[in-house]
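Have the structure open and follow along.

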Amino acid sequence: MRLMPVTDAMFLWGESRETPMHIGGINLYTLPEGADETEWLRDQLALLRQSEGLRRPFSEVLKLTALGQYGPIRLEPDRDIDMHYHVRAAALPKPGRYREMFELASRLHSSLLDRTRPLWEITLISGLPNRQIATFKKVHHALMDGAASIHFYNSMLSADPDERRSASPLSVEAYEAYKRLFPPPKKPPRPNLMDIKAIGDFLKEQWGNSVGVTKALNQYLAAMFGIGGDGLVTPFAGVPRTSFNRNITGARRFVAQSWSLDRVRAMGKAYDGTINDAVLGMCAGAMRKYLQSLNELPDKPLKAMAPVSIRPADDIDSGNSVASVTANLATHIDDPATRMAMIQESMNSAKAQLRAMTAQQIQLYTAITSFPMMLTALTRTADKFPAYSVTISNVPGPREQMYWNGARLDGMYPASIPVDGMAMNITQVSNFKNIDFGITACRRSVPHAQRMIDYLEEALVELEAAAGIKKGKGKGK
């Protein structure tokens, strides 16, 4: 039995029927050459349904006190786990297009996870053309963030198309084998109560944390009230109210698409920016076009919450290790190059602030600055006091072609969490030669989420043209 950290429990506190707090997504595969689809799927189902030797958090169930989710939350092994409940099979109705796959994913992502069971589900999806199959995984955000999910996927995948594994990807055996690829984590020594120097160093570190966070908060408040902040952009202040800022329902719409990673990288480089800058530029242009189609483009810029991982490279086991920065999407500006420059300015200021803090300071700073947003979420007033317009997240994925027991990985399309006041979430995973976008939206507040796919392509073409780049190729699914 282990105690759940408060930073993880926050995702349980914020959950409601309208706001399921799980993440997941679709992985798309092409079957190995010569493999029988029915037999291959049966083998993978049997592997995933092995109940012996499961690793945490897949083996654990919530244990609450009399205070419920607002008291201490413990995770304990589930001694009676029903693997046929957690691992399911689904076949698409003919003609089995990607459209039907995304409709199924939309329905699967809309339902809450059962808190009396371990908080995860996996569905194997058949019925796709061209010998493709898919998985849809969802796991509660209290147990895993995006980076932890990528570690899970990496532990089940191999760069060798001929490798076949007998251990379940959910098992301790598979995960320990994956962890051996990394150096052991460096754990700071606990201070010896008899060592005066160690105690002094410990107290000095805590004092440094408080000073660093106080400095960051002063900068944050100065930016919020428009009296400084060195170009920092903050939530709440000046966020326009649009269709994206409504209170949401529980029904979801999930759509996805791939773009060439080289193409997106080249566009970002043309503006002396990063891939993340390029993605934000694409999303800003697409959201501008979406609001124009509804006749409601505001004269103030949309703002994006951009989660960033603060997970050390040797940290594989943490459930959540994430902070967030605020990006000015400059959607009120018509010229794409000028818009891109404003996006970059806001991101550079935010990253400079984070670089001035340690990981511990960032966690404390994030907890303090996130409190107003949590308060509006709990009181369902986020539509009246929007903190942001959208969440845009970029997660590094596999850098080479990967396979799952011989099946080639063709796409990793993340599904994430819309919340009250931010009815759409755009998350991307870099996957070998592609960048795979997953768009998750409230079905009522953003009824035409599928249009975002075309708008993202149009925004990319505009940015390429403004930078003098010939129209690239690379739009996938």
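Where does threonine 242 lie? Threonine 242 sits in the loop between α7 (196-224) and β8 (252-260). Keep in mind that this is a predicted model. Is threonine 242 buried or exposed? With a relative accessible area of 8%, threonine 242 counts as buried, because the cut-off for buried is under 20%. Setting aside neighbours within four places in sequence, threonine 242 is in contact with Leu291, Glu296, Pro298 and Leu302.

Next up is strand β14 (residues 424-431). Eight of its eight residues are buried, so β14 is largely enclosed by the rest of the structure. Both faces are covered: Met424, Ile426, Gln428 and Ser430 are buried on one side, and Asn425, Thr427, Val429 and Asn431 on the other.

Which strands pair with β14? Here they are:

| Partner of β14 | Sense | Bridges |
|---|---|---|
| β11 (residues 390-395) | parallel | five |
| β15 (residues 434-442) | antiparallel | eight |

To spot these pairings, find isoleucine 426 of β14, the bridge partner of isoleucine 392. Then look for threonine 427, which stands opposite glycine 438 in β15. The hairpin of β14 and β15 has two residues between the strands, and phenylalanine 432 takes a positive phi near 55° there.

A search of the whole structure turns up one cavity of 30 Å³ or more, and the largest cavity holds about 70 Å³ of space. Two or more lining residues come from each of β6 (120-126), β7 (132-140) and α5 (146-156). The most comes from α5, with three residues. By class, the lining has seven nonpolar, one polar and one charged residues.

Conventions. Residues are numbered from 1 along each chain as its sequence is written. This is a predicted model: local features need pLDDT of at least 70, side-chain atom pairs count only at pLDDT 80 or more; totals for chains, interfaces and linings use all residues. Side-chain values use heavy atoms; hydrogens and water are left out. Helices (H or I, at least four residues) and strands (E, at least two) are DSSP runs, numbered from the N terminus. Buried means under 20% relative accessible area, exposed over 50%, partly exposed in between (1.4 Å probe, protein chains only). Contact means heavy atoms within 4.5 Å. On a 1 Å grid over the protein atoms alone, a cavity is a set of points where a 1.4 Å probe fits but cannot get out, and a pocket is an open set with protein on both sides within 12 Å along at least five of seven lines; lining residues have an atom within 4 Å of a point. Grid points are joined across faces, edges and corners, and a volume is the space filled by probe spheres set on the points. Ala, Val, Leu, Ile, Met, Phe, Trp, Tyr, Cys and Pro count as nonpolar, Asp, Glu, Lys and Arg as charged, and the others, Gly among them, as polar. Two strands pair if DSSP finds at least two bridges between them.
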